Amino acid sequence: MRRSSTDESTYRRSPSPESKEQGFARGGPFRRCSSLYGRAGAGDAGDAGGGFFGLHSNPGPKAAQARYTTPKGNKYVVFYLDLSFIFLLELKRCSMARGCLQGVKYLMFAFNLLFWLGGCGVLGVGIWLAATQGNFATLSSSFPSLSAANLLIVTGTFVMAIGFVGCIGALKENKCLLLTFFVLLLLVFLLEATIAVLFFAYSDKIDSYAQQDLKKGLHLYGTEGNVGLTNAWSIIQTDFRCCGVSNYTDWFEVYNATRVPDSCCLEFSDSCGLHEPGTWWKSPCYETVKAWLQENLLAVGIFGLCTALVQILGLTFAMTMYCQVVKADTYCA
């Protein structure tokens with residue numbers, strides 16, 4: 001009985017002579033042999049579909065290369081798209097950083113401009129006092145140069161210098177100037193904080209030393225070259241209605257007589273200090289001024305707090321802008 005061509009079997013038929021000839025014509029056995037010994041025709045044998053005695057061979061390198069050509073191209077496209085997306089994100093971040101930098105720049109410039117103008121005002125008041133009032137408010141004999149005019153001049157000059165450095169650093173976006181401004185302002189802030197802590201820690205000793213030094217300064221009252229000290233004591237005793245440092249008797253040691261300056265009189269007149277003590281102010285000037293400061297302690301505290309906040313704000317602006325300039329130079333160079 002003839003087997004149907006549609007019957008399947010696990011065994012293949014032996015090739016007929018015609019099929020062998022056709023296989024030789026296609027070069028199947030030779031290609032198999034060449035793939036075994038020379039490894040040169042394996043891909044061709046797989047492409048032709050031939051095999052030695054009907055065995056199928058694996059695809060050659062050319063087929064594998066052809067198979068992966070398209071996915072590799074897709075990977076390159078995805079990689080390029082990822083790079084473009086990252087570049088856009090970095091560009092957006094750089095633009096946002098540049099916008100923040102510009103905002104901080106103008107804020108810091110405005111702040112330092114006000115800072116500089118304030119220093120100009122303080123310096124102008126100090127120069128005016130030095131020119132018109134001499135060494136105004138020079139109460140200490142140990143520190144004759146420690147006058148109100150000199151303090152205002154030094155303070156105004158220093159504030160102007162710091163404000164100028166901050167303005168130029170903000171406009172030029174210069175890291176060195178910004179860091180210099182930050183360090184100078186930080187040193188001023190730390191110095192003020194240290195003085196405040198020492199003042200409250202040694203208040204008793206400071207009171208005792210200040211009274212002794214002020215009593216020594218009374219001996220310079222009315223002498224040549226001490227116009228500032230004379231004017232300062234006259235203004236204090238008239239405005240606060242007091243006499244002497246701790247008592248009106250402090251002036252007895254100065255004049256070597258029962259006498260006080262005319263500014264100690266209840267009713268001012270020429271040579272009224274030679275009259276009876278009943279016509280003089282009895283309150284000690286040191287305790288009177290100290291009580292006035294305690295009554296206005298809230299205003300003094302608010303002034304000190306505002307000064308500290310302004311300095312902290314300046315430090316914040318300086319460091320923020322410095323960091324923004326560093327980031328801009330690093331990521332957007």
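Tutor: A residue is called buried under 20% relative accessible area, exposed over 50%, and partly exposed in between (1.4 Å probe, protein chains only). The model is predicted, so local features need pLDDT of at least 70, side-chain atom pairs count only at pLDDT 80 or more, and totals for chains, interfaces and linings use all residues. Residues are numbered from 1 along each chain as its sequence is written, and side-chain values use heavy atoms, without hydrogens and water.

Start with Thr258, which lies in the loop between helix H10 (250-255) and helix H11 (285-295); helices are DSSP runs of H or I with at least four residues, numbered from the N terminus. Thr258 counts as exposed because its relative accessibility is 51%. Apart from neighbours within four places in sequence, Thr258 has contacts (heavy atoms within 4.5 Å) with Phe252, Gly273 and Trp280.

Asn112, in helix H5 (residues 69-132), makes a contrast. Asn112 is buried because its relative accessible area is 0%. Beyond neighbours within four places in sequence, Asn112 touches Ile162, Gly163, Gly166, Cys167 and Phe181. The Asn112 side chain also reaches the backbone oxygen of Met108 at 2.7 Å.

The remaining class is represented by Ile206, in helix H8 (residues 203-218). Ile206 counts as partly exposed because its relative accessibility is 32%.

Terms used: Helices (H or I, at least four residues) and strands (E, at least two) are DSSP runs, numbered from the N terminus. A polar contact is a pair of N or O atoms within 3.5 Å; within protein, one must be able to donate a hydrogen and the other to accept it, and residues adjacent in sequence count only if both atoms are side-chain atoms.
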